[in-house]
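Visitor: I have a model open and would like to walk through it. Can you take me from the surface inwards?

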Amino acid sequence: MSLISLLLALSLERARRIGASWWWQHVFHWWLQRFDRVSAIWQIAMAVVLPTLLIAWLQVSISGLLFGLTNLALWIFIPLLTLGCPPIQQGYRDYLRAAASGDEQACSDFNQQLLKQIHPLHQVSEQESIALTTGTQLMWLNYRYYFAVIFFYVLAGPAGAIFYGCSRGLHLHKSTEVQALEPTVNNFMHYLDWLPSRLASLCYLAVGNTSEALPIWLHALRDTKHSNGYWLAKVAVAAELSEQESEHEMLCVATTCRFVSLAKRGIMLAIAIIAILTIAGWLI
């Protein structure tokens with residue numbers, strides 16, 4: 001069920017019109033604003049735990065109705081709500097056009113837009129080129145809007161996908177809308193992302209330069225000081241670029257596209273692994 005519904009959801013997500021109104025995010029944003037003045041624990045309970053329990057209850061309630069078609073519809077619909085980010089996808093296309101025409105200011109603006117989608121604690125080195133930082137930030141957002149959702153979806157079904165999607169939405173709301181990233185919310189998201197981000201970077205090094213990226217990935221398992229996004233970017237750079245390329249200052253579409261391509265190859269590897277586990281009977 002999870003493999004078939006995931007493939008259908010990914011196909012429908014790719015067919016979704018880029019730039020379309022992300023209506024459910026507006027509804028969720030309105031819901032989050034109701035709890036801006038309460039404690040972080042209460043916010044997590046109302047914004048993350050409550051929707052997860054509702055979806056889990058709905059999943060159990062409709063199981064078996066109409067020969068399972070209603071359950072299949074739920075398994076396809078929930079990933080469509082949590083996979084992808086149309087505003088960023090549209091912005092990426094604008095970035096490619098600006099970079100192709102040499103408009104460095106437009107590329108820098110898109111780079112700052114991506115930083116707002118991550119959180120204020122994510123720092124970018126001033127020595128890195130726009131193409132490199134944009135590429136690694138896009139990889140992190142690809143992880144957040146695709147790989148992590150797939151991980152929790154396979155792990156716990158629609159309830160797992162909505163759990164991560166709501167957690168991601170709460171973290172983004174607290175860091176960009178309220179401008180007061182509470183330690184409780186940040187720590188909650190850090191621990192939630194720890195395992196799937198390591199698995200994502202493992203996929204990246206498997207489809208990239210394994211010998212260069214593996215030592216960095218092993219070091220990331222022991223590190224507790226840096227963010228998950230920091231280590232995912234480090235592994236991605238080592239897996240895709242040589243040392244000379246990573247140090248070269250340039251505004252180059254090809255550099256950014258290489259990271260996007262690496263992220264896509266990582267997703268394909270993850271889906272292939274899910275398919276093998278399903279065939280072997282380890283997943284349903």
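**Surface and fold**

Guide: The chain exposes about 14,100 Å², and carbon and sulfur atoms supply 65% of that area. Keep in mind that this is a predicted model.

Visitor: What share of the residues counts as buried?
Guide: Of the 284 residues in the chain, 48% count as buried.

Visitor: And how many helices and strands are there?
Guide: The chain has 12 helices and 0 strands. Read from the N terminus, the elements run α-α-α-α-α-α-α-α-α-α-α-α.

Visitor: What part of the contacts comes from residues 24 or more positions apart?
Guide: Such pairs account for 73% of the contacts in the chain with a separation of 6 or more.

Visitor: Where does leucine 7 sit, and is it buried or partly exposed?
Guide: Leucine 7 lies in helix 1, residues 2–15. Its relative accessibility is 39%, so it counts as partly exposed.

Visitor: Switching to helix packing. How do helix 8 and helix 10 cross?
Guide: Helix 8 covers residues 183–207 and helix 10 covers residues 228–240; their axes come within 9 Å and cross at roughly 5 degrees. Angles under 35 degrees count as roughly parallel, so helix 8 is roughly parallel to helix 10.

Visitor: Which residues meet there?
Guide: From helix 8 come His190, Asp193, Trp194, Ser197, Arg198, Ala200, Ser201, Tyr204 and Leu205; they meet Asn228, Trp231, Leu232, Val235 and Ala239 of helix 10. By type, the residues of this contact divide into 8 nonpolar, 4 polar and 2 charged.

Visitor: Take serine 201 in helix 8. Buried or exposed?
Guide: Serine 201 is buried, because its relative accessibility is 4% and the cut-off for buried is under 20%.

Visitor: What does serine 201 touch?
Guide: Leaving out residues up to four places away in sequence, serine 201 touches Trp217 and Val235.

Visitor: Last topic, the cysteines. How many disulfides?
Guide: The count comes to 0 disulfides, where a disulfide needs a pair of cysteine sulfur atoms within 2.5 Å.

Note on methods. Residues numbered from 1 in each chain as written. Predicted model: local features only at pLDDT ≥ 70, side-chain atom pairs only at ≥ 80, totals over all residues. Heavy atoms only, no water. Helix = DSSP H or I, 4+ residues; strand = E, 2+ residues; numbered from the N terminus. Buried < 20%, exposed > 50% of the residue type's maximum accessible area, 1.4 Å probe, protein only. Contact = heavy atoms within 4.5 Å. Areas by Shrake-Rupley, 256 points an atom, 1.4 Å probe, with all protein chains shown as cover. Axes fitted to C-alpha atoms, helices over the stretch in contact; angles between N-to-C directions. Parallel < 35°, antiparallel > 145°, perpendicular 65-115°, else oblique. Nonpolar A, V, L, I, M, F, W, Y, C, P; charged D, E, K, R; others polar.
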